[in-house]
Amino acid sequence: MPEMRQSSLVVVANRLPIDDSVAPDGACEWRRSPGGLVSALHPLLRHTPATWVGWAGGTGPAPDLPDVDGVRMHTVPLDAQDLRDHYEGFANATLWPLYHDAVEQPEYHRRWWEAYQRVNQRFAEAAAGVAEPGGLVWVQDYHLQLVPGMLRELRPDLRIGFFLHVPFPPPELFMQLPRRAELLRGMLGADLIGFQRAQASHNFAQLVAKVLGLPATDRRIGVDDRVVRIGAYPVSIDTAEMAALAGRPDVTARARRLRHDLGDPEHVILSVDRMDYTKGIEQRLKAYSELLASGDVKVRDTVLVQVAVPSRERVAQYQILRERVEREVGRINGEFGRVGEPAIHYLTQPFDRTELAALYRVADVMAVTPLRDGMNLVAKEYVAARVDDSGALLLSEFAGSAAELEQAYLVNPHDLEELKRMLLSALRAAPEDAGERMRAMRAHLHRHDIRAWARSYLSALDETGSLVRRLSSSG
Ligand code: ADP
Ligand code: G6P
């Protein structure tokens, strides 16, 4: 057996940053997987001597992957039962809906919990095998909340961080979870637990005090003889990279071409989501359809481009959502479209970064209206891509990014009338007002980019500061 290479920084996430896909010529190729976690960490780790422990998608034996941009890929295999009970079950049909305000009913099954424990143990063992003595392991997201505790048992020499990319729910909701105490204890294996928002740290501290009876403030929790620190570290994007991409002459030309292909309308509205019931796609379509029906929006002047890349496709709630969205898009196009002029351009394909940047450049209004979202990086990507300071961002109050992008057109997506009104305001925004808002948001994102996020989290975790220095000098 080849000797396992060890790293001083190990990232552990359910998903690796690459996904297998089939190229148009039938060859197998790797592409960046859509989703916020990968979008955040991928640019950060590039050229850093780190190991990423994760699942490569699929249920075969773990493939041996080459390094990607200097980062070692260490795959953890999932078999068909793990996929069904851990990934689709406990992670995405129990925790995901529970953590997103239970906008869909979370399901509880004992078999799913067993699989969650089993798979978390496998990830913990994989991380323990590749971390250097005294190294730093950074565990990501809701799929792996037991890993910090399990890893501490295996490797007490490590510094362990945990970051939750999704919301952490209020006690009233979390208390539903049948194995709530074990889950909290698992997270407390970390030295530092990071959340997207201060409200989440507060929820967590309250729960730890209530369920485990531990002394807890919104910053520190006493566990045995250790202190676990908690706090808000809102995740971000590689702002400069997106701005550089969006400003490239070929991307500008591509945006012009896209506008032409859309019929050179006065207004282009864009939405880019994973096909997920948390994203508020149905509410947005309803608002748009009512604006078309009332004549406030006319198909020839305005087009909506809805990108909705399918996600978690075997989970029933996702299948139902896709059917409903596609029925509604069909109905709206049937009712309001004309020959060669659909009311909604509906696309379910994954796009590369260049095409996404061109789409952002062409969008006069970006509609980001999730019912609940940990952060929502699409909103930040749009702002970063508006290099000429034009464009308007319609943003849900329930997205984590709303706490930072205060100059957006903020909206409660549950309120259909408000959604319609704010969409019209964004469409009719005076250019000077829109420009001022966009400038302020872009300035914020240039200061608070993905490197600033990593610096603030890792310097809190790694008291020696050596890792932060290395990350700052890489990429
Ligand atoms: P989530 O993590 O819930 O999917 P985010 O908005 O935080 O939501 O992150 C989504 C990420 O996935 C963004 O970086 C976005 O650019 C990317 N993405 C979304 N749709 C596509 C698509 N069709 N093709 C490629 N990337 C996509
Ligand atoms: C969200 C989660 C990530 C996840 C991503 C895509 O961003 O926080 O952990 O990777 O969605 O979902 P998927 O199920 O395809 O990994």
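**Cavities and a ligand shell**

Modeller: Happy to! This is a predicted model, and its largest cavity holds about 60 Å³ of space.

Colleague: How does one find such empty space to begin with?

Modeller: A probe the size of a water molecule is rolled over the atoms, and that shows where space is left empty. Here, searching the whole structure turns up three cavities of 30 Å³ or more.

Colleague: Which residues line the largest cavity?

Modeller: The lining is made up of R32, S39, P43, I237, D238, E241, M242, R353, L377 and E381. Sorted by class, five of the lining residues are charged, four nonpolar and one polar. The helices α1 (36–45), α8 (239–247) and α13 (377–385) each contribute at least two residues to that lining.

Colleague: And where does the largest cavity lie relative to the domains?

Modeller: It lies between domain 1 (7–235 + 451–466) and domain 2 (239–447), because both give residues to its lining.

Colleague: Let's turn to ligand 2. Which residues come nearest to ligand 2?

Modeller: There are 13 residues around ligand 2, and R15, Y87, D141, H143 and R312 come nearest. By class, that shell has five nonpolar, four polar and four charged residues.

Colleague: What distances separate oxygen atoms of ligand 2 from the side chains of Y87, R15 and R312?

Modeller: For Y87, a polar side-chain atom is 2.5 Å from a ligand 2 oxygen. The side chain of R15 has an N or O atom 2.6 Å from an oxygen of ligand 2, and for R312 the distance is 2.8 Å. As for cover, ligand 2 on its own has 380 Å² of accessible area, of which the protein covers 91%.

Key: Residues numbered from 1 in each chain as written. Chains lettered and ligands numbered in written order. Predicted model: local features only at pLDDT ≥ 70, side-chain atom pairs only at ≥ 80, totals over all residues. Heavy atoms only, no water. 1 Å grid on protein atoms, 1.4 Å probe; cavity = no way out; pocket = protein on both sides within 12 Å on 5 of 7 lines; lining within 4 Å. Points joined across faces, edges and corners; volume = space filled by probe spheres on them. Helix = DSSP H or I, 4+ residues; strand = E, 2+ residues; numbered from the N terminus. Nonpolar A, V, L, I, M, F, W, Y, C, P; charged D, E, K, R; others polar. Domains from an automatic or database assignment. Near = heavy atom within 4 Å. Polar contact = N/O pair within 3.5 Å; in protein donor to acceptor, adjacent residues only side chain to side chain. Areas by Shrake-Rupley, 256 points an atom, 1.4 Å probe, with all protein chains shown as cover.
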